Amino acid sequence: MYRIAVIPGDGTGPEVTREAVRALEAAAESAGFDFHAHTFDYGGDRYLKTGVVLDDEELEGLKAYDAILLGAIGHPDVRPGVLEQGILLRIRFALDQYINLRPVKLYPGVDCPLKDKGPEDIDFVVVRENTEGLYAGTGGFLRKGTPDEVAVQESVNTRKGVERCLRFAFEYCRRRDQGRKLTLCGKTNVLTYAWDLWERAFKEIAAEYPDIATDYAHVDAICMWFVKNPEWFDVVVTDNMFGDIITDLGAMIQGGMGIAAGGNINPEGTSMFEPIGGSAPKYTGKNVINPLAAICAVQMMLDHLGEREAAGMVEKAVMRVCAQDLESMSAGRMGKSTSEVGDLVVKYIREQKG
Ligand code: IPM
Ligand code: MN
């Protein structure tokens, strides 16, 4: 019996989360396991009503769950940053979800903006460090508000933090077993402290994984290669900021925010799974947003929980919808509503039973 915390969040988060939970129910029933979902109202509306973003007790409470499913965070009436930092980043940091795992996989039937590239070319995973780097929040102002103002934003890279991220990437690459190639994405030519540490640790750990080929690419160059030669990549490991940037590019080449999902992972604790896209407030309640990204987040969650069969069922169902049923991946152009896409996924999961 799994205990799942569900945070539908803001904007269109609740409507895509609803379909994701239905897919989870269908997968659990078909694969034969049980779960209990507890829904939390954390997000912009609650903050506007109560002034509370996420308090210490609530944060602590989340640790009791086997996994968290998050819809989307971001509200037009709340100053940008408040909810992102107070909910999303706070959970990532406090629950020590030190990996942000972002698969970039183009399913057959999904439109790809890259000319002459297809599903056989686009299938890699980005392992993004998720608790350090420029996201650590250290730095400060000097002489703020004066013409002589100084703003410093520091990138924090600890040997421990870098090493656990790299080790996860090597292990993941081995387990995935699809080419066994790990690419470090950095900026060793300019950021000579942070990336010196990363590169040294990478080389040292690589010696323990003789079965995995290693490679290195600068972050600017990788933006070029993701577009020109995405087939070169199997697993890419990088820091928090670079990972944030290159995974938006990754999401676009796999068909966009309608399909891209990610996992914030603490291998020893509670992990959180989410569609990568935002809360898209202008579409709220319109039943037009693609729920597949949230459903793919469920697939990642099941895989993480060790429910491989159920995860496989969800992925097959998503692939079938992509191949047969959708005109486009984007909001309002699917040719189907949010709930109709959810219905199809549930139907296709059930059909795999027995
Ligand atoms: C993401 C988002 C977040 C990030 C924001 C909303 C804080 O862009 O999950 O990639 O920068 O990590
Ligand atoms: Mn991002």
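Predicted model: local features only at pLDDT ≥ 70, side-chain atom pairs only at ≥ 80, totals over all residues.
1. A residue counts as buried when its relative accessible area is under 20%. By that cut-off, strand β12 (residues 271–275) is mostly covered, with 5 of its 5 residues buried.

2. What pairs with β12? Strand β3 (residues 67–72) runs parallel to β12 and is joined to it by 3 bridges. Here Ala 67 has Ser 271 as its bridge partner. Strand β11 (residues 261–265) pairs with β12 in the antiparallel sense, over 4 bridges. β11 and β12 form a hairpin, with 5 residues between them.

3. Now the whole sheet. It is open, has 10 strands and shows mixed pairing. The order is β2-β1-β3-β12-β11-β4-β5-β10-β8-β9. At the edges are β2 (35–39) and β9 (213–218), each pairing on one side only. Neighbouring strands are turned against each other by 20° on average, direction ignored.

4. Look next at β4 (residues 99–105) and β5 (residues 123–129). They run antiparallel and are joined by 7 bridges. Val 104 stands opposite Phe 124 in β5. Helix α6 packs on the sheet and touches β5, β8 (181–186), β9 and β10. The direction of α6 makes about 170° with that of β8.

5. How do α5 and α6 meet? Helix α5 (residues 159–176) packs against helix α6 (residues 194–206) at an angle of about 45°, with the axes 10 Å apart. The two helices are therefore oblique to each other. Their crossing is right-handed.

6. The α5 side of this contact includes Val 162, Cys 165, Leu 166 and Phe 170. Among the α6 residues they face as a group are Leu 197, Trp 198, Ala 201 and Phe 202. The contact residues divide into 10 nonpolar, no polar and 4 charged.

7. Is Thr 238 buried or exposed? This residue lies in strand β10 (residues 235–238). Thr 238 counts as buried because its relative accessibility is 0%. Leaving aside neighbours within four places in sequence, its contacts include Val 126, Glu 129, Cys 185, Trp 195 and Ile 246. Cys 165 and Trp 198 are also in contact with Thr 238; both residues belong to the α5–α6 contact as well.

Key:
Residues numbered from 1 in each chain as written. Chains lettered and ligands numbered in written order. Heavy atoms only, no water. Axes fitted to C-alpha atoms, helices over the stretch in contact; angles between N-to-C directions. Parallel < 35°, antiparallel > 145°, perpendicular 65-115°, else oblique. Left-handed = near helix turned anticlockwise from the far one by under 90°. Contact = heavy atoms within 4.5 Å. Nonpolar A, V, L, I, M, F, W, Y, C, P; charged D, E, K, R; others polar. Buried < 20%, exposed > 50% of the residue type's maximum accessible area, 1.4 Å probe, protein only. Pairing = 2+ DSSP bridges.
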